Amino acid sequence: MDLFSFTDEFLIDLGLTLLKIGFILAVTVGFFAPVLTWVERKQSAIMQDRIGANRADIMGFTALGLFHIIADALKMFAKEDFIPQGANRLLHTLSPIIALVPALLTFAVVPFGGKYELWGHQVNLVISDLDVGLLFVFAIASLATYGYVVAGWSSNNNWSLLGSMRTASQMISYEVTMGLTIIGVLMVYGTMQLDEIGAAQENFWRWGIFLQPVGFLMFLTASIAENKRIPFDNPEAESELVAGYFTEYSGLKFGMFFMAEFIEMVTIGAIVTILFFGGWHIPFIETQDIIDTFNFSWLGPSIANLITMGIQVGVFFAKVCFFIFIQMTIRWTLPRFRYDQIMKLGWKILLPLSLVNIVVTGIVIMLLK
Amino acid sequence: MAYYVNRNVEMTWWEKAYIPEIIRGMLITVRHFFKNLFGFIPFFLGKKKEREIFTVYYPEETMDYPIAYRGRPVLALREDNLPECVACGLCEIACPAYCIDIIPGANSGKQNKDERFPKAFTIDYAICIFCGFCEEACPEEAIFMSDDCEISMLDRKKMKYDMEQLLVPVADLKDRIEFTRKMYGKWNY
């Protein structure tokens, strides 16, 4: 196709892509990032036999504390945008962006639904169907490290620098495990395209969690460590380093780090869902079954496809929510590791385990052939 | 009593595997989460349900403080509308923060039935440390620690309470008087 010829096909593709981008942005930035701040407070509160945030009200109506989201946003807007003395002004301003953008960018290759036939047009629910999707996710996710390291370095603060040094070492150690864990998944499904991996898990017993149980646990551990949340929150350890790499940040710059953390939680949930938890599939129900159920005479196949699409996108995000719930539970259950314990877990336990996982996966695949 | 804490606990292989124990810990928190989540629903619908959450909505709801609580010191007011205080000045001396200021008045036969009475009695709550020494020193059961702790103000000068503000009827202080009798009677004052 000529790049500049605005055929109908091209316009439809362009429109669909923009729609998908808009949908992902609306879901992550518009829904998950703000709502998760509320969920984290409320879930931790209920878990610890407390009530939790419920004081922000509009005309005496509190909506279970949901207005705290608005209050938080207003507070962040109103705060002074502070750059400490002796800080590198350019990098100090740039680093929150470097931290936030990769978190959003990984969603470009994460499929949130399968392929659907709508009015003679193939709709693939992934923004960019890259051949190297999985590698792209890791390439972009590791870029976020720069944001955190630069943030700590540029703010001219000892605590920040210590935090960013810990970030660098921790993220590099756990990226090794993460990358090696993924190899097991690649060997099983034989593709790097995330939507093909998702489509391969239509059968319940072909889900990644059954084919790669050890890989699943290690990947979840490593990705929580990548996200620097408790129990792996050494880079921002409140009791040791004030707030770690974002000690000197205030206002919306701090908000961007905050948002990056929550969006990364969604990203982890989405990737774990795609790789290990059957993506958008409902257990024991195949996509074609759902389409056939809704394919009445007067509805037509396109409407049936549309309904199926809605159901499967809903299922996908329900699974993502489940993994967010698990991450939150882990965060509010386990205490922080010591620094040497994190390194020991990363290099002495997870790395050998992931290598063993690859070998065992290879042997099993060889034997089954 | 000294006791020895063994910190080198030998873990079983099950505990060393770590993941089962993590799951056990998470099950506890998740159980609390769901129990409270469903306990919350009637609570938010307006019904006061017996719940396991002890949070008190502070300004709207308040708790009854235990009787041993030391809030701001107050003066006891007898039934005949006169202060119990005889202006002996023992509390003034006992006060480590020097927040009590008494101007004593002697009986000239007309003003007061008592032999001695305070002409002015001020306590500066901005200085008071709520130690309760004044209560302990008082031989006349005249000054008591109340359960009132909400004495923050925008003006420091208003923190200085004079006698009219300090006086509280004895009937309101009954529990505390009994408590102090039990408490300080132990040492045979």
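Biologist: In what order do the three strands of the open sheet with antiparallel pairing stand in chain B?

Modeller: First, a heads-up: this is a predicted model, where local features need pLDDT of at least 70, side-chain atom pairs count only at pLDDT 80 or more, and totals for chains, interfaces and linings use all residues. Residues are numbered from 1 along each chain as its sequence is written, while chains are lettered from A and ligands numbered from 1 in the order in which they are written. Strands (E, at least two residues) and helices (H or I, at least four) are DSSP runs numbered from the N terminus, and two strands pair if DSSP finds at least two bridges between them. For this open sheet of chain B, the order is β2-β3-β5.

Biologist: Why is one side of β2 and of β5 of chain B left without a neighbour in the sheet?

Modeller: Follow the pairings: seven bridges join β2(B) (residues 100-106) to β3(B) (residues 116-124), and two bridges join β3(B) to β5(B) (residues 160-161). β2 and β5 of chain B each have a single partner strand, so one side of each is left open because they stand at the edges.

Biologist: Which residue of β5(B) stands opposite Asp124(B)?

Modeller: Let's go along the partners in this sheet. Ala106(B) stands opposite Arg116(B) in β3(B), and Ile123(B) has Tyr161(B) of β5(B) as its bridge partner. For Asp124(B), the residue opposite is Lys160(B).

Biologist: What share of the residues in chain B is buried?

Modeller: Chain B has six helices and six strands, running α-α-β-α-β-β-α-β-β-α-β-α from the N terminus on. A residue is buried if 20 or more other C-beta atoms, placed from the backbone, lie within 10 Å of its own, exposed if 12 or fewer, and partly exposed in between. Of the 189 residues in chain B, the buried share is 16%.

Biologist: How many charged residues are on the side of chain B that touches chain A?

Modeller: Two residues are in contact if their C-beta atoms, placed from the backbone, lie within 7 Å, and here 14 residues of chain B are in contact with twelve of chain A. For the classes, Ala, Val, Leu, Ile, Met, Phe, Trp, Tyr, Cys and Pro count as nonpolar, Asp, Glu, Lys and Arg as charged, and the others, Gly among them, as polar. The chain B side has eight nonpolar and five polar residues, and the number of charged ones is one.

Biologist: At about what angle do α8(A) and α13(A) pack?

Modeller: Helix α8(A) covers residues 213-226 and helix α13(A) residues 339-368, and their axes are 10 Å apart. Among the contact residues are Met218(A) of α8(A) and Leu353(A) of α13(A). Axes are lines fitted to C-alpha atoms, for helices over the stretch in contact, with angles from 0 to 180 degrees between N-to-C directions. On that scale, the packing angle is about 145°.

Biologist: Where in chain B is Glu141(B) found?

Modeller: Glu141(B) is another residue other than glycine with a positive phi, near 55°. With 16 other C-beta atoms within 10 Å, Glu141(B) is partly exposed. Its place is the loop between α4 (133-137) and β4 of chain B.
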